[in-house]
Amino acid sequence: MRFNWLIPSALGAASALVITLPAEAAQLQFWRFDARQNQLVFTTDVAVQPRAQLIFNPTRIVIDLPNTVLGSATARQSVGGTIREVRAGQFNEQTTRLVIELEAGYTVNPQQVQVRGQSANQWVVQLPTPERVAAQPSPPPAAVDSGASPNSVSGQPAAGATSRLDSVTATPDGFFVRTRGQVPNIRVQRTGRRNDRRITIDLPDTAIAANLSAQDLPNNRYSIRRWQITQQQTAPPSAQITLELDEGSPDWQINTTNLGGIIIVPPRGVSINSISDRPGPSAPPIATTPTTPAAPTTPIAVPPAPQPPPLPPRIDPPAIPPIVSPPPTVTPPVQNSRVVITIDPGHGGRDPGAVGRGGLQEKQVIFPISLRVRELLEQNGVSVVLTREQDVTLDLEPRVQIAERANADLFVSIHANAISLSRPEVNGTETYYYSDAGLRLARIMHANMLSAGGLNDRGVRQARFYVIRNTSMPAVLLEVGFVTGARDAPLLADPTWREQMAQGIANGILEYVNAYLR
Ligand SMILES: [Zn+2]
């Protein structure tokens, strides 16, 4: 059975965000297929994260709603024309499935199917006009490399892989490597963090399409001098992509997507046009939609969406713009000479963090502190990238990606602590690190927080927290105090104390910056 994954257009990292779904199941409340507009609309009572795929024989678009039960929604709608029917069913205990089945002999281009969130619990699946199934053209013979292009595709065609590497296209956001079948479990290797000259992407269990030739690979785009794609005759066969980068071009972001492929996104400021078009201080950023950094979407016709799909689900008041997907709102500077700090306000959106005395929420304590830290650092000539600038839900992985993408020098995650409400005697400040590089930063941060906040000293501790374990720069996680503590909670709720703590955190960062980064 052949299938293609489709994803909501603006979010490459959708799969990683699914874990933020609420524990309670959603209920499918309503759905309807509008034959005139060729679109399916459905609503659920709480937020959902749909997944869509195209399945053949017969051709049908299948939309799965994880963690959702069917409710009393209609079971079936006959449509007519090129769409046979649309139906809803309980696929398994956790999943409700919507199926749009086409008439025999018709299909749609999966790249033209769009899944859009109108809100966290209302979605639209927009189909293109179905087309008659055409006879498959026979693939041309394996290509021979042309001497004209610096690129190369090499190795004998291979069979028996679960993935096929079909094409590489330059997009307004970077490159899209299209794969068919299973999305390969890629491995990325770089030569260094600051000065990447070469990136190697291994695609296990992958065959290169027989008709892919060197001429099909992008030339001189986004500071890539040369592409090499090699078929390796392992069992199962594997493919390798090597990118030779222009001198000095910094970090690239490389991720697989459920869309069926690999998204390769250059740092902001690197121009699409050619390797000679180098970023400078005044170089305009690449024309990306501000909220779709990794928008994998070349292959999917992305409309100029008025707003990004609100993924992952969120239930914030509508006044807050639904910015939930990673990076977007920040514009990390590209000059290497400037120090860049990533400040990560913990939790947010539907995740309040710890809830303590008098209902005091962790996110309410640490967000204003984070904003103030940014202000203080910027006043001192230090660039700051916040992982979130609003009260929005954000998973851990995108927080790390934001820091990596910004090429940040330090990562500082700000939290407030909690223990049972029956332990009001537990109060104080803790600082966490994971790597040795983080320890040096942690010691400085901890001393500054203690002197600014005046809470108990609960020490510098090592822990395997995701955000400090997966960031490549020195990283710390600060627990400013306990929302459950009888002594701490009133202070954490007090804007004056928060100002002091913000100054302590900013001072700690500046102390580190002045000692080691300037
Ligand atoms: Zn926390």
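Guide: Here is a walk through that part, starting with the strands and moving on to the helices and the core. Please keep in mind that this is a predicted model.

Let's begin with the sheet. It is an open one, built from 6 strands in the order β25-β24-β26-β29-β27-β28, with mixed pairing. At its edges are β25 and β28 (457-462), each of which pairs on one side only. From one strand to the next, the twist averages 20°. Take a look at the β28 end: strand β27 (residues 429-433) runs parallel to β28, and 4 bridges join the two. As an example, T429 has D457 of β28 as its bridge partner.

Now for the helices. Helix α2 (residues 362-379) packs on the sheet, where it touches β24, β25, β26 and β29 (475-482). The direction of α2 makes about 150° with that of β26.

Helix α3 (residues 396-405) has 9 of its 10 residues buried, so the rest of the structure largely encloses it. Among those buried residues are L396, P398, V400 and I402, and also R399, E404 and R405. The buried residues of α3 pack against several strands, including β24 (340-345), β25 (383-386) and β26 (410-417), as well as against α5 (466-469). After α3 comes N407, whose phi is positive, near 55°.

Next, find helix α4 (residues 436-453) and its partner α7. Their axes come within 8 Å and cross at roughly 150°. Angles over 145 degrees count as roughly antiparallel, and α4 and α7 are therefore roughly antiparallel to each other. Their crossing is right-handed. Among the residues making this contact are M445, N448 and M449 of α4, together with W497, G504 and I505 of α7.

Leaving aside neighbours within four places in sequence, I505 is in contact with I369, V373, M445, N448, M449 and L478.

In soluble globular proteins, nonpolar side chains tend to be buried together. Here the largest nonpolar core has 57 residues, and I341, V476 and I505 touch the most other members. Helix α7 (residues 495-517) supplies the largest share of this core, 8 residues. Another core, of 29 residues, lies apart from it, and F176, I201, I229 and L243 are among its members.

Notes. Residues numbered from 1 in each chain as written. Predicted model: local features only at pLDDT ≥ 70, side-chain atom pairs only at ≥ 80, totals over all residues. Core = buried A, V, L, I, M, F, W, Y, C linked by C-beta atoms within 7 Å. Buried ≥ 20, exposed ≤ 12 C-beta atoms within 10 Å, placed from the backbone. Contact = placed C-beta atoms within 7 Å. Pairing = 2+ DSSP bridges. Axes fitted to C-alpha atoms, helices over the stretch in contact; angles between N-to-C directions. Parallel < 35°, antiparallel > 145°, perpendicular 65-115°, else oblique. Left-handed = near helix turned anticlockwise from the far one by under 90°.
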